[in-house]
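Here are a few notes to read alongside the structure, for someone meeting it for the first time. Please keep the view open as you go through the points.

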Amino acid sequence: MRKIIIIGLSILLVLGSVLLAKYFIDNKKKPKPRNNKIVKTVFTQEVQNSTIPLVITTNGNLVAKNKIDLYSEVQGVLKPNLKEFKSGTPFSKGQTILKINSDEFYANLQAQKSNLFNALTAVMPDIRLDFPNEYNKWLSFVNNFDLNKTIPELPKTNSNQEKFFISGRGIYSSYYNVKNLEVKLAKYTIRAPFNGILTEALVNPGTLIRPGQKLGEFINPSVYEIGVSVKSEYRDLLKLGKQVKLSNLEKTNTWNGKVVRINGKVDTSTQSIKVFIQVQGSNLKEGQYLEIDLEAKSEENAFIVQRSLLLDNSKLFIVKDSKLELITVNPVFENLNTVVIKGIPNGTQLLSKAVPGAHQGMLVKVYNETKN
């Protein structure tokens with residue numbers, strides 16, 4: 001009986017301990033989990049619509065408006081000149097840029113002149129007998145004939161008989177043969193057609209020059225042109241004489257140019273047209289890379305934003321009641337880095353910098369510069 005009582009009490013004690021433990025476990029108060037809400041700080045700008053000029057930004061390289069490639073039409077050895085035939089050498093209009101040795105050709109020309117003079121003197125007695133009224137003009141021509149000068153124009157014939165007589169004696173063929181050689185002799189010397197500078201020199205004195213060989217490049221460094229491609233949709237906004245602003249990549253120098261030519265053909269691959277702009281400046285150089293701001297027109301009641309802020313080409317984030325809200329806007333003009341938009345009321349707080357992970361309804365805090 002005693003053992004039974006002890007065993008019964010032990011069982012009751014164990015059951016009581018289990019029930020008591022279960023009671024404490026069930027009634028234990030669990031702390032509620034806290035939701036830590038992350039509020040990001042964002043940068044905004046207040047929308048103030050205004051009239052915005054639509055400026056087409058493009059770029060290109062300068063090309064001299066007056067530019068010639070120097071080629072040889074004759075053969076000979078390049079002679080030394082008073083001014084060196086080197087890149088960067090300036091020449092005034094009419095100055096000799098280069099000269100090719102023409103001694104052999106000049107001797108041939110003199111021989112042909114001598115043959116013409118001999119032919120003229122041989123027919124003078126016949127002219128005096130057959131055409132006494134025309135003798136004095138031919139005598140004057142012979143007397144003024146100088147082998148060291150360009151031959152003058154032949155006297156005009158006053159009758160068919162005189163023309164046939166002169167032609168039959170070979171005077172015309174000899175005369176035009178000499179004139180042809182005189183023209184060709186002038187090609188041994190290349191003179192500057194305008195004030196300019198030599199930008200390329202491909203030969204040196206003593207070099208044998210051949211016909212068709214390129215010798216160099218000569219430009220006028222005071223006037224330049226730059227050709228840029230503009231979307232064909234803006235072709236109606238472009239006009240000849242329109243003022244254009246140009247600048248270097250560093251934005252340290254600016255120049256004023258004007259539209260001088262507009263190509264009438266649209267490039268089928270890019271759907272753009274070529275516009276040529278003329279610009280002048282002492283610090284401009286051939287081949288220089290410039291950016292061009294071409295004002296097309298003005299858009300009223302519009303606002304300009306960074307292109308990186310635009311989502312799906314027509315949506316922007318604004319801040320309303322400390323939350324991000326996605327709105328639809330109307331982009332009217334896109335440039336390289338900016339977009340002109342319409343459809344946003346004045347006073348709207350628009351995101352000015354992109355927020356990673358931004359979404360509709362996201363809690364945000366607007367950064368206030370005055371507190372820092």
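1. Let's begin with Leu-13, which is found in helix α1 (residues 2-26); helices here are DSSP runs of H or I, at least four residues, and strands are runs of E, at least two, numbered from the N terminus. Leu-13 is exposed, with a relative accessible area of 61% (exposed is over 50%, buried under 20%, partly exposed in between, with a 1.4 Å probe and protein chains only). From its C-alpha atom to that of Asn-158, 145 residues along the chain, the separation is 158 Å.

2. A word on the source: this is a predicted model, where local features need pLDDT of at least 70, side-chain atom pairs count only at pLDDT 80 or more, and totals for chains, interfaces and linings use all residues. Residues are numbered from 1 along each chain as its sequence is written, and side-chain values use heavy atoms, leaving out hydrogens and water.

3. Next, please look at helix α3 (residues 135-143), whose buried residues are Tyr-135, Trp-138, Phe-141 and Val-142. They line one face of the helix, because they fall within an arc of 130° seen down the axis of α3 (the arc is that of the directions from the helix axis to the C-beta atoms). Asn-136 and Asn-143, on the other side of α3, are exposed.

4. What do the buried residues of α3 pack against? Their partners are α2 (103-130) and α4 (160-168), with contact meaning heavy atoms within 4.5 Å.

5. Finally, four strands form an open sheet in the order β8-β7-β5-β10, with antiparallel pairing (two strands pair if DSSP finds at least two bridges between them). β8 (189-191) and β10 (208-209) stand at the edges with a single partner strand each, so one side of each has no neighbour in the sheet. Strand β7 (residues 96-100) is joined to β8 by three bridges, and Leu-98 stands opposite Ile-190 in β8.
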